[in-house]
Amino acid sequence: MDHFTYRHGQLHAEDVAIADIAGAVGTPVYIYSRATLERHYQVFSRAFTGLDPLICYAVKANANIAVIHTLASLGAGADVVSGGELRSALAAGVPGDRIVFSGIGKTEDEMAMALQAGVCQVNVESVPELEALSDVASRLGRVASTAIRVNPDVDANTHAKITTGRRENKFGIEWTAAHAVCAAAAALPGIELCGIACHIGSQLTGLEPFRQAFLRLRDLVLMLRADGHHIRTLDLGGGLGIPYGDEVEPVPHPDAYAGIVRETVGRLGCRLILEPGRLLVGNAGVLVTRVLYVKEGATRTFVIVDAAMNDLIRPALYGAFHAIVPATEPAGDAEPRLVDVVGPICESGDTFARDRPLPPVGAGDLLVFRTAGAYAAVMASTYNARPLVAETMVNGARFAVVRDRGTIDDLLVRQHVPTWT
Ligand SMILES: *Cc1c(COP(=O)(O)O)cnc(C)c1O
C-alpha cells in the first residue's frame, strides 16, 4: 500500500497534488512519500516482533539523506557499500554502531573510515580482503568486528543482473570454503570473527530460495560453533521483492518472509541483521515527467517525455516494468491506445515502455512512473549532459526539495581544457 492516490481527479502524494510539485520544482522530479516509507518500515519491523533484529536499511536503494533520516528516525540502522554511503548514513543521523559495511571491493581508505566511525560489523567477501582489513585495523590500533559473507549457491529466480547467490556470481565466499576461511579469519590479529552474512539477490518473488540459503547458514553456524567460534550475529541480507504491477503471482508478504526466518534461524541465539532496501523505499517514490511531443510514427505512436534513461535506468538496464499513469485521472470512458513511452536520449534503449496501453495524452501532460523509489534516482547519471533531476519529499500537506536539481554549470565547472590542446 502507498499514499499515491487520485483525489478530485488529480494524483496526489499524500495531501499534495503532484501537479503542484511539478509546477513548483519543474520536471522531471522524483517525489517520495514519508507516510509510505513509515508504513513499509512498520509492516516489515512488526513482522519480526519478538526476534528483535537489527534492521539495516540498504542505503544503495535510495541514498537521499532525507530518506535515510526518515527510516533512521523510525529505528532503522544502515547497510552501506561505499565510503560515500557511510558518510551519507552518518550525515542522516544513523549512529555508527547501527551501520553494517558490505561490498566486495572496499578500499583501505573505506575500511579505515568504517573502523573510525565504529560500525557494528564489516562484512568481508574474500581472503585478501580479510588480510587487508586486519592490517588496517591493526594500524589503527583496533580490532574489526567481522562477518564472513558466504555464497550459499542457491538460485534466487530473479533477473540475472541482480542475482548474487550463485557460485558463479562474484559475491561472497564459496559455501564449501567458508569453514576454512572462518578459521583463517579468527587467526588474524585485527579481526574478531563475529558472524556470518549472506545476500542472495534482489527482487525475489518467491520464498524458497531464502529458505534454502538460511538453512545453509544455520548449518554453518552450528559447524563453526562446534569449532569453538563465537558466532553472535547472522546477517540475512535483503532482497524481498515488491509489486511493480506486472507480476503474474502476488509477491510474498513480509510476514511470510519473517516466518521463514523464524523457522530456519530463529532459534540460534544469534542477533539477526536484516538489510531490506527496495522493500522499504520502492513503492514510496514516483518519477514525474512531462510529455514533450506525441509523434505518430509509421507503425507506432511515440510519447516523448522529458525524463530519460539517465534519470531512470531500470527499464533500459533490467527490462524493468514501471506502471505509468497520468497525473490527471483519465475519464472512465477514455479509450486506451498502445504507445511507446520514450525519452529524448540518442539511444534506442531510452525507452520506458513499448506497446503500453495509455489513455490519450498530449504535449504538456504529466505522466507518473510508479514504484520509482528504489534503484532509480541513485542510479541517475548526467549522460547527454543532462543535469541530475530534483528529488522531493512529501509529508502530509507539506513538501520539500530534498535534492536540488543539478545545473549545467555543475557539469561544466568540473571539467578543464588543458592549455596544450
Ligand atoms: C543490495 C543489497 C541489499 C538490499 O537489497 P534489496 O533487494 O534492495 O532489499 C542488502 N544487502 C546487500 C549486501 C546488498 O548488496
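This passage describes selected local features of a predicted model.

Three strands form an open sheet in the order 1-2-3, with antiparallel pairing. Strand 1 (4-7) and strand 3 are the edge strands. Each has a single partner strand, so one side of each lacks a neighbour in the sheet. In general, strands of a sheet pair through backbone hydrogen bonds. Four bridges link strand 1 to strand 2 in the antiparallel sense. Within this part of the structure, Arg7 stands opposite Gln10 of strand 2.

Glu14 sits in the loop that joins strand 2 (10-13) to strand 3 (16-17). The side chain of Glu14 makes a polar contact of 2.7 Å with the side chain of Ser33. The Glu14 side chain also reaches the backbone nitrogen of Gly396, at 2.6 Å. Neighbours within four places in sequence aside, the contacts of Glu14 include His3 and Arg7. They also include Ser33, Arg34, Ala35 and Thr36. Val394, Asn395 and Gly396 complete the list.

Several backbone features stand out in the loops. Most residues other than glycine have a negative phi, and most peptide bonds are trans. Thr27 and Pro28 are joined by a cis peptide bond, with omega about -5 degrees. Pro28 belongs to the loop between helix 1 (18-25) and strand 4 (29-33). Asp52 is not a glycine, but its phi is positive, about 50 degrees. This residue is found in the loop between helix 2 (34-47) and strand 5 (54-58). Asp52 counts as exposed because its relative accessibility is 54%, and the cut-off for exposed is over 50%. Asp153 likewise has a positive phi, about 55 degrees, without being a glycine. The loop that holds Asp153 runs between strand 9 (144-151) and strand 10 (173-174). At 26% relative accessibility, Asp153 counts as partly exposed.

Helix 3 spans residues 65-73. Its buried residues are Val67, Ile68, Thr70, Leu71 and Ala72. Elements that cover these buried residues include strand 4, helix 2 and strand 5. Also among them are helix 4 (83-91), helix 10 (278-281) and strand 20 (390-395). Asn64 caps the N-terminal end of helix 3. One side-chain oxygen of Asn64 lies 2.8 Å from the backbone nitrogen of Ala66. After the helix comes Gly75, which has a positive phi near 120 degrees.

The ligand site was examined next. The ligand is surrounded by 13 residues. The closest are Lys60, Ser202, Glu275, Arg278 and Tyr375. For Lys60, a side-chain N or O atom is 2.7 Å from an oxygen atom of the ligand. For Ser202, the distance from a side-chain N or O atom to a ligand oxygen is 2.4 Å. For Asp79, the ligand atom is a nitrogen, and it lies 3.3 Å from a side-chain N or O atom.

Technical notes: Residues are numbered from 1 along each chain as its sequence is written. This is a predicted model: local features need pLDDT of at least 70, side-chain atom pairs count only at pLDDT 80 or more; totals for chains, interfaces and linings use all residues. Side-chain values use heavy atoms; hydrogens and water are left out. Helices (H or I, at least four residues) and strands (E, at least two) are DSSP runs, numbered from the N terminus. A polar contact is a pair of N or O atoms within 3.5 Å; within protein, one must be able to donate a hydrogen and the other to accept it, and residues adjacent in sequence count only if both atoms are side-chain atoms. Contact means heavy atoms within 4.5 Å. Two strands pair if DSSP finds at least two bridges between them. A residue is near a molecule or strand if one of its heavy atoms lies within 4 Å of it. Buried means under 20% relative accessible area, exposed over 50%, partly exposed in between (1.4 Å probe, protein chains only).
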